[in-house]
Amino acid sequence: MASFKIEGGHLLSGAITPQGAKNEALQVICATLLTNEPVTIDNIPDIRDVNNLIQLLKDIGVKVKPVHHTTNALSFQADELDLKYLESDEFVHKCAQLRGSVLMIGPLLARMGKAIVTKPGGDKIGRRRLDTHFLGFAKLGAKFHHITDRDVYEISAASSSKSKVQNLKLKGAYMLLDEASVTGTANIIMAAVLAEGTTTIYNAACEPYIQQLCHMLNRMGANISGIGSNLLTIVGVKSLRGTEHRLLPDMIEVGSFIGMAAMCGNGVRIKDVSLKNLGIIPDAFRRLGVKIETDGDDLFIPHQKHYIVDSFIDGTIMTLADAPWPGLTPDLLSVLIVVATQARGSVLFHQKMFESRLFFVDKLIDMGAQIILCDPHRAVVVGHDRCRALRAQRMSSPDIRAGIALLIAAMSANGTSTISNIEQIDRGYEHIEDRLNALGAKIERI
């Protein structure tokens, strides 16, 4: 198990470019299973979760080749899938290690008529149910049952009576999702594009990465309308073709870099952020008093000796809460909490979507932060106004987002900190120590 050794107190300066979006990558890579033609995806991040998913696709027979004109592009061709391996215990075991594997269900169900899945892995941040996925598949006519001795789910489409040959095919339907789940919406979209008839998805997630998936599928020959709204209409088609697609910059990495620049920056430029797809992320940091300048599609965060927390118009304490898009993404609350520890003023953070994501704040408290954990969903941060720096500590990264938040805290702290279990950070951030060291950080992988 690797660790980071971080010498705190070094100011960052210079320019950094965000990687391709992790969450979009997981969706569109799985979407390549919907066609037997080549699909080229550019700007793929070199991170653990994405690399593990790519290996999983290789294992089931997908041909994955580098595109020679760029180092971040790969071609995927799913023309010879190993159906026997898809039903094996080895495949099921590998799926259990990777939460992104759940996004294979929709494409496999749509194209092959069946899928076998297990409860996927991922961050331990509380209950992350799959009901939305399964309820959506059931609306499309899929049948599923739990095989207890293998602890897997078998899902199959209904058999069409119109053909003499058994033809497992989903049927379009209207559905109102029980929650605006991003992965649930993506999975149902990928299942519906090859279903017979029209599917209407109400209360669909509408994040930029969902929009990107829909645009890519339309270029492949799908018929999806309502993109960018929470009401999607999908007219099923018989087959899809190949295409080329480029991933957006990772909005969570952009937010993480804003937080780093606020805490320990001496003038940091974040390049090519796709500003129109960041939503209210920059404004969330501005509410903590962080100055953010825009220059085309770049963000520049100047050095600030102090940053002062905003208050609401009626003078009440600032509250930042996560919400489905276009609200504030829950993936950045950890970073915002760390930034607030050195602000002037107090902030209430309300993490609504996951019940275990705030438990990492005990590590910040050990570093000297003034935080009151009210319950599993709410924490009040009383900022130090840079009058008292955080103390170096030995810590362990519990998940991707808490891990990067602890790294930011350690970079701003007095002394040398150690963060273990950094494989969690590697799941979402590409060569992070090399990129931050180029800005002036002192981070060593040990």
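Predicted model: local features only at pLDDT ≥ 70, side-chain atom pairs only at ≥ 80, totals over all residues.

*Entry, the cis bond.* I checked the peptide bond between Trp 325 and Pro 326, and it is cis, with omega at about 10 degrees. I then looked up where Pro 326 sits: in the loop between β19 (318-321) and α11 (333-340).

*Entry, positive phi.* I went looking for residues other than glycine with a positive phi. Asp 272 came up, with phi near 50 degrees. I found Asp 272 in the loop between β16 (265-270) and α10 (281-287). Is Asp 272 buried, exposed or partly exposed? Its relative accessibility is 45%, so I wrote it down as partly exposed.

I placed His 431 in the loop between α14 (423-426) and α15 (432-437). His 431 has a relative accessible area of 40%, so it counts as partly exposed.

*Entry, the sheet.* I traced an open sheet of four strands and noted the order β23-β24-β1-β25, with mixed pairing. Which strands stand at the edges? They are β23 (394-396) and β25 (443-445); each has a single partner strand, so one side of each has no neighbour in the sheet.

Last, I zoomed in on β1 (residues 3-7), which runs antiparallel to β25 and is joined to it by three bridges. Across that pairing, I spotted Ile 6 opposite Ile 443 in β25.

Notes
Residues numbered from 1 in each chain as written. Heavy atoms only, no water. Helix = DSSP H or I, 4+ residues; strand = E, 2+ residues; numbered from the N terminus. Buried < 20%, exposed > 50% of the residue type's maximum accessible area, 1.4 Å probe, protein only. Pairing = 2+ DSSP bridges.
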